[in-house]
Amino acid sequence: MSDTAVRHRGTDRLPERAHTPGRGPGPFTHTAVMAARALRISSRNIDALITSLALPIMMMLIFVYFFGGAIDTGTDYDSYVMYVVPGVLLLSAGFGAATTATAVSEDMKGGIIDRFRSLDVGGTPVLAGHVAASTVRNLCSTALVFGVALLIGFRPAASWSGWLVVGAVLVAYIVALSWISAAIGLLARTPEAASGFTFFMSFLPYPSSAFVPTENMPDWLHGFADHQPITPAIESLRGLLLGQGVGNTPWIALAWAAGMLAVAVGASGTLFRIRTR
Amino acid sequence: MTDPIRPGGDSAATIEAYGLTKSYGKPAVRVLDGIDLRIERGTVFALLGPNGAGKTTTVRILATLTEADSGTARVAGYDVVAGRSAVRRSISLTGQFAAVDETQTGEENLRMMARLTGQPRAAARRRAAELLERFDLTAAARRPVRTYSGGMRRRLDLAAGLVGSPEPGVFFLDEPTTGLDPRSRQELWEAVRELAARGATVLLTTQYLEEADRLAGRIALLNRGRIAAEGTAADLKSRVGGHRLDLVLTSQEAYMKLAGRAVHHSPETLTLGIPTDGSAAQVRALLDEIDPAGREIERFGLHSVTLDDVFLALTSNTPTPNAPTTPEASAHV
């Protein structure tokens, strides 16, 4: 028993036994199982599912038919629907990602996180599972938005490579926004608060070129709108979908997404450790 | 039984802790103030204490979910800090709140846990079915957990803890029956007994002496972050009697005369509590001895020693059965 006398942790740790009981699976298995779990759970929350699918379409119809007639987008666009679709796609990415915050916060409330930790599942796989599920949900609602947009007169003229970049930018933003949302879920003490905190993400597309050209905004807002992360995404989607030149805008968009993702992953890792201490 | 026994289960399945301390918050509140524990392999051990005594913190440290500020602990032969992953693979934890998904079915929950421990799909399905059968949940396997009763939920939680651990394993059960109705409590006790019968090492926390008594071989009484007493149920109860005979006396004189041998005093109602083992023979003898003429005792009642009784007797300066004091000194505790 001499080797187990009182000692302070971190100074003189006991050697791990060479003989460990069965190696656990890696973080990829954990993430896959967590993603399947999150999808199964959200597929049973029918109300939330319908809302997350129907809301973006309703937003698009509202903009095209209620406001569209009064918005002057210049002479580059045949109709407002040609202008607004990228904005609606990003708006729905924001809405969809926000549900991740509620899901993460629900997990933190109960004992399930302790169970996962006692099964040696780390915080990152748990969050990555939620983010993966959010991405799948969002791609479904994105497909739906595209479908309805085609029905009401949206005629994309993107090249094959253009479509690929559109897909890449959309997925990058959905993943980044979902992970930010997961961090918010860890920050909020209740699921209700989590859902409230995600407001800014759903709001971010408004002060951008998503719905109206930024030139019409007051100077101070114009400056913000041109330099916030949503604008390069919208500009690249719009340019690519309409077959116009986009220059390096998609790269700027992807850089923004990568930056947001890096910050969100870092912050959520720290928050997870604080919440589970 | 066809339980897959994972390799490495031959390590000494004991729990040992030395000088664990833990403080929380600012200003720091000391939740654990030097806990030493030694739990032999294949035994059931109860940590008994009121809310806030440090039971959950102790379990969380031993189950690697929280790190102690100082002190060291080994579970199943591994240090809880340096060998965290190995400890996690050796133990099974059931917390105060059922750690299962409400919207998934019982079967889906267990399959998910099994997959998380690295079992392939087919093995996970088999293991889930086996555990559902064993915890009598087969009929409810395909229902969402939110439709389960409290008892079913705890049993599923126990099963979830078992999914990946080698058997006989090391179990931490943190207040497993708190909030359960009597029938569910019985069912859970049965499940714990079955684990014990298979040779598991179990550390359970409880606020109920009766529960510790029925399930555990040894009991440690935790009070304000320290172990106040430790021993078998019989040891602890013999120190306070096991049962308490409450006597309502006819007069102040009779009360004063008998107060010295009582463990419970209530001068307002002229009531005294006297420790006893609860047997008819001893109660009869006690009554005869105290009141041979049959005039001093108006009424009596017999009840089992409560946690309060054990607790007050073992953790404070209030009277123990063999330590006479005056009623004035101990009437208000």
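Let us start with chain B, whose assignment, taken from an automatic or database source, gives domain 1 (13–237) and domain 2 (240–316). The centres of these two domains, taken over C-alpha atoms, are separated by 37 Å.

A word on conventions: this is a predicted model, in which local features need pLDDT of at least 70 and side-chain atom pairs count only at pLDDT 80 or more, while totals for chains, interfaces and linings use all residues. Residues are numbered from 1 along each chain as its sequence is written, and chains are lettered from A and ligands numbered from 1 in the order in which they are written.

Chain B holds 12 helices and 14 strands (DSSP runs numbered from the N terminus: H or I of at least four residues for helices, E of at least two for strands). Of its 333 residues, 47% are buried, that is, 20 or more other C-beta atoms, placed from the backbone, lie within 10 Å of the residue's own.

In chain B, an open sheet of four antiparallel strands runs in the order β2-β1-β4-β5; strands pair here if DSSP finds at least two bridges between them. Its edge strands, β2 (29–39) and β5 (78–79), each pair on one side only. Strands β1 (residues 15–24) and β4 (residues 70–75) of chain B are joined by five bridges, and B:Glu16 stands opposite B:Arg74 in β4(B).

The largest nonpolar core has 161 residues, and B:Leu62 and B:Val75 are among those with the most contacts inside it. Such a core is a set of buried Ala, Val, Leu, Ile, Met, Phe, Trp, Tyr and Cys residues joined through C-beta atoms within 7 Å. Helix α3 (residues 80–109) of chain A gives the most to this core, with 18 residues. From chain B, the core draws at least three residues from each of domain 1 (13–237) and domain 2 (240–316).

Leaving aside neighbours within four places in sequence, B:Leu62 is in contact with residues including B:Ile15, B:Val75 and B:Leu203; contact asks for C-beta atoms, placed from the backbone, within 7 Å.

Turning to chain A, an unreviewed UniProt entry places "transmembrane region" features at several spans, including 46–68 and 80–105; such annotations may be inferred rather than shown by experiment.

| Span of chain A | Distance between end C-alpha atoms | Helix and strand |
|---|---|---|
| Residues 46–68 | 31 Å | 96% helix, 0% strand |
| Residues 80–105 | 38 Å | 100% helix, 0% strand |

How values were computed:
A residue is buried if 20 or more other C-beta atoms lie within 10 Å of its own, exposed if 12 or fewer, and partly exposed in between; C-beta atoms are placed from the backbone. Two residues are in contact if their C-beta atoms, placed from the backbone, lie within 7 Å.
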